[in-house]
Amino acid sequence: MAIVYKYVALTGDDTTGDGSLLTPYRTIGKAITIVTGGTSDGEVIQCLDAGPYTEGNLSLAGKTNVTLAGVGYLTGDNLQNSTSINAAGFTNFLRVDTNT
């Protein structure tokens with residue numbers, strides 16, 4: 001089995017997108033609801049744009065082997081064009097459960 005990728009972009013659409021490279025989702029939250037977290041080789045939610053992505057509460061609880069990946073590169077000590085997530089006023093917006 002191969003790694004499964006779900007793509008997210010600021011120009012994507014949670015209604016008409018399917019998480020593919022050509023028709024990505026708009027939000028990380030949508031991609032999280034789609035990934036099962038049960039594949040042996042893992043699943044990757046890949047953000048295609050630097051962001052910021054404005055999200056509500058995000059939870060990977062109960063999903064194993066899922067990676068959230070952004071974009072960006074180092075120039076010296078500076079991270080350029082990096083993906084960021086705006087928590088939209090939430091104090092605890094990302095939950096990762098390590099006990100599953």
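Reply: Happy to. One term before we start: contact here means heavy atoms within 4.5 Å. Please keep in mind that this is a predicted model.

With that cut-off, and leaving aside neighbours within four places in sequence, Ile 28 is in contact with Val 8, Cys 47, Tyr 53, Glu 55, Leu 58, Leu 68 and Ile 85. Several of these names return in the largest nonpolar core, whose twelve residues are Val 8, Tyr 25, Ile 28, Ala 31, Ile 32, Val 35, Ile 45, Cys 47, Tyr 53, Leu 58, Leu 60 and Val 66. Two elements, α1 (28–34) and β2 (43–47), each supply at least two residues of this core. The most comes from α1, which gives three residues.

Now to the sheet itself. It is open and has three strands in the order β1-β2-β5, paired in parallel. Because β1 (4–8) and β5 (66–69) stand at the edges with a single partner strand each, one side of each has no neighbour in the sheet. On average, neighbouring strands are turned by 15° against each other, direction ignored.

Is Glu 43 buried or exposed? Its relative accessible area is 5%, so Glu 43 counts as buried. Not counting residues up to four places away in sequence, Glu 43 touches Val 4, Val 35, Thr 36, Gly 37, Gly 38, Asn 65, Val 66 and Thr 67. For one of these, Gly 37, the backbone nitrogen lies 2.4 Å from a polar atom of the Glu 43 side chain. Thr 64 is 21 residues from Glu 43 in sequence, and their C-alpha atoms are 8.9 Å apart in space.

Last, the aromatic rings. The count comes to one aromatic pair. Tyr 5 and Tyr 7 form this pair, with 5.9 Å from centre to centre and 10° between the planes, and it is stacked. The cut-off for buried is under 20% relative accessible area.

Note on methods: Residues numbered from 1 in each chain as written. Predicted model: local features only at pLDDT ≥ 70, side-chain atom pairs only at ≥ 80, totals over all residues. Heavy atoms only, no water. Phe/Tyr/Trp six-rings, centres within 6.5 Å; stacked < 30°, edge-to-face > 60°. Core = buried A, V, L, I, M, F, W, Y, C linked by side-chain atoms within 4.5 Å. Buried < 20%, exposed > 50% of the residue type's maximum accessible area, 1.4 Å probe, protein only. Helix = DSSP H or I, 4+ residues; strand = E, 2+ residues; numbered from the N terminus. Polar contact = N/O pair within 3.5 Å; in protein donor to acceptor, adjacent residues only side chain to side chain. Pairing = 2+ DSSP bridges. Axes fitted to C-alpha atoms, helices over the stretch in contact; angles between N-to-C directions.
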